[in-house]
Structure formats: structure tokens, C-alpha cells
Amino acid sequence: MHIPDNYLSPQTCAVMGAAMIPVWAVAVKKIKAEVPKEMIPLLGIGAAVSFLLMMFNVPLPGGTTGHAVGGTLLAILLGPWAACISVTVALLIQALMFGDGGILSFGANCFNMAFVLPFVGYYIYKFIKDSVKTDKGEYIGMIAGSYIGINVAAFCAAIEFGIQPLLFKSATGQPLYCPYPLSVTIPAMTIPHLLVAGVVEVLFTVAVFSFVKKVSPGTIYEGAKEKTKAIYGLIIGLICLTPLGLLAAGTAWGEWGTDEIQDVVSGGSALGFVPAGMQNGFSFEALMPDYSVSGLPEAAGYILSAIAGAAILIILFKVIGYLKKDKGESALE
Amino acid sequence: MIEIKDVSFSYSGVNALNNINLSIEDGEAVALMGANGSGKSTLLKLINGIISPDRGVYKFNNEEITAKELKDPIFAKRLHQKIGFVFQNSDTQLFCADVYDEIAFGPRQMGISESDVEQRVNDCLNLLNIQDFKHRQPYHLSGGEKRKVAIASVLVLNPEVLVLDEPMNGLDPRTQRWLVEFLVKLNQAGKTLIISTHSLELVPELSSRAILFGENHTIAADMPTEKLLDDVDLLKRVNLVDEYYHSHAGKDHKHFHDHSF
Amino acid sequence: MRLNDNRMDALNMPEWLLTDENYSPPNDRDTFVNKSILSFLSILARIKTQDSSETGKYGISAIFKVAFTFMLILLLSLSRSFVFVMIINVYLIVILSLMKAEDIVKILKVSLVMSLFTFILLLPAAFWGNSSSTILITGKVFATITVVNILSRTTKWTSITGALKKFFVPDLFILVLDITIKYIVMLGDFALSMLYALKLRSVGKNKSKYTALSGIGGTLFIKSKEMAEDMYIAMECRGFTGEYHVYNNFKFTIADFGYIMINVGIIVLFVYFGRI
């Protein structure tokens, strides 16, 4: 679910990042109030755990494997606020150091995975646990929480993708970022999460939690034991989802005309695209329509390709040399 | 049983094993010695099939062990059953929520009946004198108890070779003594033992053959243990001991100090 | 020193331990262990190699590298000019060609896989008549992934986190980041050993794979809590009061000047080609 850069417009990224700032501020405040002194090691090491949990390959029925995010699990074990910061730090390291998930889309990724996921998951867990009050209730809460949590997060990502073609188009009407409308992104994101990723998340959450509960129940977040009004938390969580609404309303960012809005509202399937390309037939020339436009002199073009060619050749030689040397190395390491 | 010929291995460019030649017979007990970072642990990993040689040949029971062979799960599992590995840090070796399940983990996979599994687990609990912890959580045991559970969890698979990475580390003197006697007994029962250790005091009791690693990741000596411990110059040369070390292997007096620190 | 013979006899070996095991393992679908081992190995190797990365080679300060990398990513994202994106890609390929072969392979692997993924993902849109955006976005993705990876492979990570200070990131947050990276290595090594232990004892068919996974994940968590407590005590003992300062001595070099000029050039190009 790590959104890379260039799938979302910088404007969307800015809105999502802005939405996260108050969340982070409140989270730090809450953690400081709960564990004033242990905060630094808790957050640093919690983030390391969060990072590593995402590395596990979880076995799925049938022999395949999948990765879990572990957002709900961390929220239950560390509390939702600490989970929020831990996942944020883990995502930052993934983006900055491992190039996994974008830099600009960092805010959006945090919104989905460090905020929506742990909070929705945690408060569903808490709500069911407090109303059923048995061990069974706790596990049902956990299953429901982790499953719904990751699916709501995926749904948010789908909305972020899906609003791009509505909001951001070039002068010629070409979408600049994710070109697919909501009618495509929502099923594309939610179906795999409903069928696979949600299951992985549930299996992993239940497995790890039950071990921790059996071996070291004292390490589990205190707040999870006492009854709080979880339903309010859930409502707060839903209210926090409003930046998405804000995004949809934030037409000032984009070049969205009123006629287009009407098009969306009225014309169900006609979400912006007329399949013109299909009418005209698909040809290679269509792939390269107007690249020569921007007035790059022919000579400069040649120079540019010459530089690229030389650099690519150097890379090729280095890579071939490296692979030759590498051949003998052990496959396991 | 184990044949290692001209084996080298490096971790992303950093040399860890350099042209190692070694052969270990069935039923032998061998001690691996050497300064920190000299390559002992890497060799143990290689023997266990966690890594495979970059260069050279490793043969177990006359079968060559290569990266390709290890990718075959059936082949790898057969090897893992025949060679048991007791890790240096027992914490990392125990992943079950209860001691009984921890020991039963291996045999339960081997397709033997649950009553035979129970028999084996109980035998191991008795052998290692840990019956009382049967239903405790491994995570909360003491260091010595954890080590015993880890050994039991490996021994229960009935391996032909038992590889132990610094098994005396972090144990109190009484438990160390107990473990030495236990390992000697295992060896007498026919198990091949490969033990890496820093304990110069205990090594002559564990094995009559010692293999010494040099700091250049080669084998500096492969000789009878008593002889090696007398060769103070050699031990100094590989930086295993300093000038205050004096040997008393074979002499009949007991010490309570440990020069290995 | 002789062993006490009586005590030895007390240790009677059970029959099954004295006979050779005649065992042929069944097949099992347990690739998750090997796959997890590979994930952990690659993460740990990556962190360990960055520590020895030759930051000094081009002598450009981390602050400028981080700042201009962010700027470049933003410009790429904003740009609507195919030519601008192409020029940036050529510029990045030239930088790549100056790097070590090993790094080139690793960076290209990531950027090519991601660009291909993007291209395939956007291919249906091309059929719908959005072909130019398919090419444009793929080019942007390639450039963005490459530039981030060049940054992370040519700069020590502590320098990257240190550089964040100049962008008004609080010192305490930088401390948290540094702790995280350090503990990813420590806990990662720990988890890797556990995975090896699981692999070595998985000699047949594991009927309860989730139990094994729960043990590793759960132990990792409990261990981390213990480490956090220890670390807190250690910080107290060393007089940590909650204040933390990141120090970096920063010197402006000729390389920095050259790097800034290149990036000014990039901004000029961006403006020249506009957002058409």
C-alpha cells in the first residue's frame, strides 16, 4: 500500500501532509502525558519493531505468502498514538533510506497506514471487546479491527488515487498523475485487500498478539485494559477522515471546471474519459504524440541522446563486469 | 563424515573463511578455538547449511552441499535433521510459548506418533534435568535453563552431529561443569560433537582434538588439545591469549580463575 | 581432570538416541521462512553497507544533497514537460555511470522494476487515449526512484538524518530516527537468528505455521520492550534530561558550489520548459 511519488499530485500530497501535522502533534502530546520519560526509547524501538513486522512473510492458505502492515497489532500492543508515531517513523525510513514509498506522498502514506489503519483498527477492537467482555470478544474485536482497519486504509488510498484524474489534467485534458477514476481505483485497491491483504493482517495480528498475551501480558498497552468510550474514538476517527472530503472539495487546487463536476455527478460512467484512443485505434505514434513540441532544438536533442548513450554504455560495461564477478557467490547469502 | 576442502566464504566482500581444510570423522569430538571474529561461527553456519561456500567443497556423508542443493527443501530438511545446531544466544533459538511445545516442535514434524513424541520429549527433559520446567514459558527461564531447553529441542531430533556455538557462554561454573559432563556422555554415546569455545580451562575435557583459527580466517593449527594449550607462543600469535597466560593443561592442579577474559 | 564416573552413569541415554534416524522428510509449503530470511538479510545488508558508503567521494554536503533531492522530486512531480523529465533522466544516468558497478546494479534493479510496474499499470489508460501521460509518469517514476536511491547509497544515513535538522526537524525526532535505524539492526539480527532456528528445526511438515510465526513476532516485540526499558535506564544513568542536540560541522566546499550550480541549472530548465 506504499504509494510511490508521481501517482498523486503534489497538491494532494500537500493536503495529506497538512492533515497529518495536527495528528502528529496530538500523538506526541498524548505519549508525553502517558509515558513522559520513556517516550524516546519507546518510540525509537517501537518504530524499529514496526519496520521489522512489515518484513515478515506471512504464510497464506495454499502455500503463498504476503506481507502484513501490523498497524492494528501495534495499536493494541503500544496504544494507538504510539503506534501512529512508530509507523510514521518506519515509513519515513522506508521512503528516505530504502526508496520504498514516495517522499512527497509520505503524508498520504502516513495518513493511510499510520493514522487511519491503527485508529480504525484499534477502536473497532476496543468497541467489540468492551461490549462482549470475554476472551472471545477480545479476539473477535481483534479480527474485525485488523481486517476493517487495513481495508479502510486501502479504501482511502483508492480515493486518493481516484480523484487525481478529476482534479489534475493538462491543457489537452490528459491526466497528469494516476489516470484512473474512482470507478477503477476503488475495486482495484479494495478487492485484493478484502481477499488477501486483510486475511494476512488478521492472521498476523492474532498470532503475534496471542503469543505476547500468553508470555508477557504486562507489556501490552494499559489503555486497552480499562474501559473507555471507544465509540467516541471511532467517531473521532471518522471525523479525521474528513481531509478526504476536503480534498474533493478543494477544487481551488486544480483546474476543475463546474461543467466537469456536473459531468461526474450526473454521468455515472463518464468520469472524464471518452475512450478516444480506442476509436482511433492504437498505434505506436499515439504513444509519442507531442514530445517534439516543447521547442527543443534538434541539435540539443542529439547532444542529449549522445550523453545518455555514453552513460548507458558505461553502466552496461560496469554491470556486465559486476555480474561476471558475482556469479560464483553463494545464492543463499 | 564431514569434509571441507579449500573452502572460502565472505560476507559482501568481507572475508570470513579463508581456504579452510578440515575433515571430521564419525564419533569425534572437536573443539574450535580462535579470537573473536576469526571465523568460528561462520564455519559452524557453513556446516549447518545456513550458508554455502563461495569457493571450495563441503561434503557431508560424502554428499556435496552446495547452494543449489540447499534450495531443495527436502534435501535441506534431511541435512538439518542430521546436524543439530545449538546457537550461542539461546534467546534466539526458543520461539514457542511453553517448554514442552518447544522441544516437541521438531519431532512433531517428522511424522511420528504423538505418543512417541511425548516419549522423546520426556526423555530429553530427564536427560537435561529440566522436568520441572515442562510447562513454563521459555522466555522467562534463566540463562542456564534456556541453554538446556535449547539443547533438548535440538537433541530430540536425534541428530548425528551436534554443533554447539560457545555453549559455556554465560553459564555459572556449576552449570558449565554439568554441561561438559553431559557433552562427554553424548560423545561416548556416539554423537559427533563440534564445539566452539573460549574456555581454555574446559576444552581439554571436551575434546582431544582442537582446531585453532588465526586472525586471517585460516586454520592456524589442528592438533591434540593438550599440545595446543602448551604452545603458548602460538596462542599468543593468534591473539587468543596475552602475555600473562600460562598453561597448565595436563598438570594436576585446579584453578578457579579464568584467563579467557 | 577425570570425570566422575558415577554421575556419568546416572545419565542413561534413551534407546532412540543411540540408533541412527532413518528419516526422509515430507514436502511442506513453508516458503514463508526462506522468504522472510531473505527479506531480513537484504535489509540488514543494506543498513550495514551504507555505514561504509564513501560519502567523501564527491565531497558534497549531505544538507545540499537532501535539499536538492527533495527539490528535484518536487519539480519532477510538478513538471508537465516531457523534455524536462528526459533531461533529468539523462542527468541521473550520467551520475549513475560515475558510481560503483555494485551500486549501479542495485539502484537500477529498483528503478527499472518500479518503472516497469508503473508502465504496465498505466498501459490500460494508454488504450483509453492517455498514452502521453503513461510515458510521462513512467519517466517521472524512474527519475524519482533513482534520485532517492542515489541519495541513500552515496550518503551515510546519520548524515541524512543530521541534515534534517537544517529543515527545522526537531532534534528529538532525529534522535528517534537514529535509534530506530540502530534497533532495526539489533532486533533484525535477533529476528534473523530466530528465523534460522525455525528453519533448522523445521525438518518436516509444520502443522501450525502460525504458532511458529507468532513465537518469532511475539518474542521480537517482548524483547523490544525489554530493550526500551534498558535503554531508558541507560539514558537516565548517563544524565539524559530530555534535551538532545544534533551537532554537525558544516563546511562549504567547491564540490558543494558545483552541485548547487547544477541544481540552479535544473531550476532554470524547469522554468524554461514550463509546465506545458
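Lys133(A) is exposed, with a relative accessible area of 63% (exposed denotes over 50% relative accessible area, buried under 20%, and partly exposed the range in between, with a 1.4 Å probe and protein chains only). The structure is a predicted model, in which local features need pLDDT of at least 70 and side-chain atom pairs count only at pLDDT 80 or more, whereas totals for chains, interfaces and linings use all residues. Residues are numbered from 1 along each chain as its sequence is written, chains are lettered from A and ligands numbered from 1 in the order in which they are written, and side-chain values use heavy atoms, with hydrogens and water left out.

The loop between α5 (106–132) and α6 (135–162) of chain A contains Lys133(A); helices (H or I, at least four residues) and strands (E, at least two) are DSSP runs numbered from the N terminus. The phi angle of Lys133(A) is near 65 degrees, a positive value in a residue other than glycine. A positive phi, near 45 degrees, is also found in Glu166(B), again a residue other than glycine. Glu166(B) is located in the loop between β7 (161–165) and α7 (173–188) of chain B and is buried, with a relative accessible area of 7%.

Chain A comprises 14 helices and 2 strands. Of its 333 residues, 55% are buried. Among contacts in chain A with a separation of 6 or more, 76% involve residues 24 or more positions apart, a contact being heavy atoms within 4.5 Å. The chain exposes about 14,100 Å², 70% of which is supplied by carbon and sulfur atoms; accessible areas come from the Shrake-Rupley method with a 1.4 Å probe, and for residues only the protein chains shown count as cover.

Helix α8 (residues 182–215) of chain A packs against helix α10 (residues 209–237) of chain C at an angle of about 60 degrees, with the axes 8 Å apart. Axes are lines fitted to C-alpha atoms, for helices over the stretch in contact, and angles run from 0 to 180 degrees between N-to-C directions. The helices α8(A) and α10(C) are therefore oblique to each other (under 35 degrees counts as roughly parallel, over 145 as roughly antiparallel, 65 to 115 as roughly perpendicular, and the rest as oblique). Residues making the contact include Phe204(A), Phe211(A) and Val215(A) of α8(A), and Tyr210(C), Gly217(C) and Phe221(C) of α10(C).

In chain B, an open sheet of 6 strands has the order β6-β7-β8-β3-β9-β10, with mixed pairing; two strands pair if DSSP finds at least two bridges between them. Its edge strands are β6 (83–86) and β10 (219–224), each of which pairs on one side only, and the twist averages 15 degrees from one strand to the next. Strands β6(B) and β7(B) run parallel and are joined by 4 bridges; Val86(B) has Leu164(B) of β7(B) as its bridge partner. Helix α1 (residues 40–47) of chain B lies across β3 (29–33), β6, β7, β8 (192–196) and β9 (209–213), at about 150 degrees to β7(B).

A further open sheet of chain B consists of 4 strands in the order β2-β1-β4-β5, with antiparallel pairing. Strands β2 (14–24) and β5 (63–64) stand at its edges, each with a single partner strand, so one side of each is left without a neighbour in the sheet. Strand β4 (residues 55–60) runs antiparallel to β5(B), to which 2 bridges join it, and Lys59(B) stands opposite Glu64(B). Helix α1(B) packs on this sheet, touching β1 (2–11), β2 and β4, and its direction makes about 120 degrees with that of β1(B).
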